[in-house]
Amino acid sequence: MSHIFPDTPKPLIPVSGTPILEHIINECAKFGLTEILLVLHFGEEKIREYFGNGEKFGVEITYYTEKVPLGTGGALLSVKGLMAPQFLVLYADVYCDVNLSKFMDFHNQSDGSVSILVHPNSHPYDSDLVVLDTNNRVIEISAHPHRDPQSMSNLVNAAMYVFERDVLINVDIKQSKFDIAQHLFPELIEVGAHIVGYQTVEYIKDMGTPDRLLSVESDIENQVCSARSDNVERKAVFLDRDGTINKTSGYISSPDDLELLDDAATAVGLLNKSPYLAVCITNQPVISRGECSFDGMRKIHSKLDFLLGKGGAYLDKLYFCPHHPDSGYKREIEHLKVVCDCRKPNSGLFQLAEKKFNISLTDSWIIGDRTADIASAENFGGFSALVLSGDAGQDYKYQSRPNLVALNIYAAVDFILNYSDRFKEFITNLTSQVGSKKYIFIGGCARSGKSTLASLLKSMLAQQSRVAHIVELDQFLLEDREEDIRFLERYDMTKIKSVLRDFDISSVKTYCDFGFDHVANKTINYGESTVSQGDIVIVEGTIALQLIDLVDAPSTSIFVDADKEGRHKRFLQKYQMRDMAVSEVNQLWCIREKNEDSVLQEFVEGVDFVFNNKEN
Ligand SMILES: [Zn+2]
């Protein structure tokens, strides 16, 4: 840091324009912590000059200057006589947005002599890891390098503490220079002091190197800090585990079986640098079957933490359901063989996360490879992305249409972070304008984002307590169609007309939603729903805009405009899933392009809305 800020003492180094220490003092003042002691050494004059007696900042500052720096622990012992019976320790190179009152409340309720703020971070391998028991008591602090890193959960000492002054009375450390985390805490644990860990998802990060300073500043700019703050409703991307984050063949019952899918750590890392929390929710019936113990599961999840940590990523929280409703297994654990509300697609664990982290479920997503994941989104009221890794939705256990189908977790996260807002903004604007229109026709080229738009529209209407039915035109594609005919003739028009007529004369009472599974290349049943007066019918497909004249009721039309580059990328992904060679896919793409592009562009003119889904 001294190369970049040669004459600035560290506490005065600006983070997004404000000296880090000023930010920390402002945070303290915000929570009524107004008596502050600054323990200084290097640059102390400049710091005194800047902060004075603290009046300008609404606090009272006193100073203690170390003649010889004694490390964080030595400094703490030097000033213990100046401290109140209970006090907070903050470091002047740690940026934080933490509800300090809540932290102090936790401490007071815990009966601990010291509370340590702990959280997962993106580099557990070179951080001090804290081991807690089930009552949040600290049983070990492991300084890096860790003796068995794969067996340690990603729970890091975030360098913020509440101390009872009395715990320092009998501290007997021989050396004069020592560190709080590395020397004082082990000593306190040794003599049986009650130290507790306070877990939070709030933002707290050391900015003590140029890289970390840049990363903190970019987190502030990208609203990563404010989105994690205690005074806002947070949002989350819930992640399924097996088949989504890690490879799976059957069930994982030992840490040795656990291997990450390609790009999973990168994807989770992107979430960590976004306004979304990354929360894993997984069904683990192996426990109820007696094939893996709770301790065994903890080891598996420590390995998961380790592998993600190696890739610079972490989960803010992991919840698992150990239950299973069916009995009949040899070693099964009877009391876990129950119908529960935490097994996906039930929403018990999502609601637990909602409560713990103040999550807005209607702004949250789940990414998963099984139909239970997709169905859970309907139950918790958020959005879903089906990934084509793992089971790729081919278990067909639950009938629920995903909002997005993505190649893998990385593609799903990319969509959520970089594209979903534009869909939501468009839909919010659209739904405020559709009024009593019965039909919404969504047309556009292949792979432009029509089905995602249709599905998100349906979900967002449901959030407004409005019912919509999707008529996915791909289900009417003729089996023996040729690729190079004009594309209207590729569909069973008789069937399409009959479905639309039934809706139009309101003769349809129940509607069975069929979609098209592009991976299995077959029609898929998304289940039956009741049709009532006032419901909206979304007609979606490349030929949708040519069908408007088939209905009499008022309609709205949308053309989804995507650039060739993006569509080609998604086209390739789709067909590669079916193990087609790239050359073959590209041949197909050329034929489609010729047919579709020219005809579709004609329809842009007369539509009510154009949804711009271009890459840039
Ligand atoms: Zn359960």
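At a relative accessibility of 12%, S389 counts as buried, where buried means under 20% relative accessible area, exposed over 50% and partly exposed in between, computed with a 1.4 Å probe on protein chains only. The structure is a predicted model, in which local features need pLDDT of at least 70 and side-chain atom pairs count only at pLDDT 80 or more, whereas totals for chains, interfaces and linings use all residues. Residues are numbered from 1 along each chain as its sequence is written, and side-chain values use heavy atoms, with hydrogens and water left out.

S389 is placed in the loop between β17 and β18; helices (H or I, at least four residues) and strands (E, at least two) are DSSP runs numbered from the N terminus. When residues up to four places away in sequence are not counted, S389 touches G243, T244, L261, D369 and L407, a contact being defined by heavy atoms within 4.5 Å. K330 lies 59 residues from S389 along the chain, and 31 Å separates the C-alpha atoms of the two.

The loop between β17 (383–387) and β18 (404–406) also holds N403, which is buried with a relative accessible area of 3%. Its side chain makes a polar contact of 3.0 Å with the side chain of S455, and a further polar contact, of 2.9 Å, joins the side chains of N403 and S459. A polar contact here is a pair of N or O atoms within 3.5 Å; within protein, one atom must be able to donate a hydrogen and the other to accept it, and residues adjacent in sequence count only if both atoms are side-chain atoms. Apart from neighbours within four places in sequence, the residues in contact with N403 are W365, G382, F383, S384, T452, S455, L456 and S459.

The zinc ion is coordinated by the SG atoms of C321, C340 and C342 and by ND1 of H323, at 2.1 to 2.3 Å. Donors are taken as N, O and S atoms within 2.8 Å of the metal (3.2 Å for Na, K and Ca), and since water is not among the atoms, sites may look incomplete. The four donor atoms subtend angles of 102 to 116°, so the arrangement is tetrahedral, a label given to four donors if all angles lie between 85 and 135 degrees. Along the sequence, the donor residues follow the spacing C-x1-H-x16-C-x1-C, and both C340 and C342 are buried.

Helix α2 (residues 44–51) has E44, I47 and F51 as buried residues. These cover an arc of only 65° around the axis, which puts them on the same side of α2; the arc is that of the directions from the helix axis to the C-beta atoms. An α-helix has 3.6 residues a turn, so residues three or four places apart point the same way. The buried residues of α2 pack against α1 (20–30), β3 (35–40) and β4 (60–65), while the exposed residues E45 and E49 are carried on the face turned away from the buried side. After α2 comes G52, with a positive phi near 55°.

Most residues other than glycine have a negative phi, and most peptide bonds are trans. D111, a residue other than glycine, has a positive phi near 70°; this residue lies in the loop between α4 (100–110) and β7 (114–119) and, at 65% relative accessibility, counts as exposed. Q223, likewise not a glycine, has a positive phi of about 60° and is located in the loop between α6 (210–221) and α7 (224–228). The peptide bond from H144 to P145 is cis, with omega near -5°, P145 being in the loop between β9 (138–142) and β10 (156–164). A cis peptide bond also links K344 to P345, with omega near 15°, and P345 is found in the loop between β15 (317–321) and α10 (348–357).

At the level of the whole chain, 17 helices and 25 strands are assigned, and 53% of the 616 residues count as buried. The C-alpha trace spans about 90 × 60 × 50 Å along its principal axes. Among contacts between residues at least 6 apart in sequence, 71% join residues at least 24 apart. The chain is divided into domain 1 (10–221), domain 2 (233–415) and domain 3 (419–616), with bounds that come from an automatic or database domain assignment. The C-alpha centres of domain 2 and domain 3 lie 30 Å apart, and the contact between them takes 19 residues from domain 2 and 24 residues from domain 3.

Technical notes:
Tetrahedral: all angles 85-135°; square planar, octahedral: opposite > 155°, others 65-115°.
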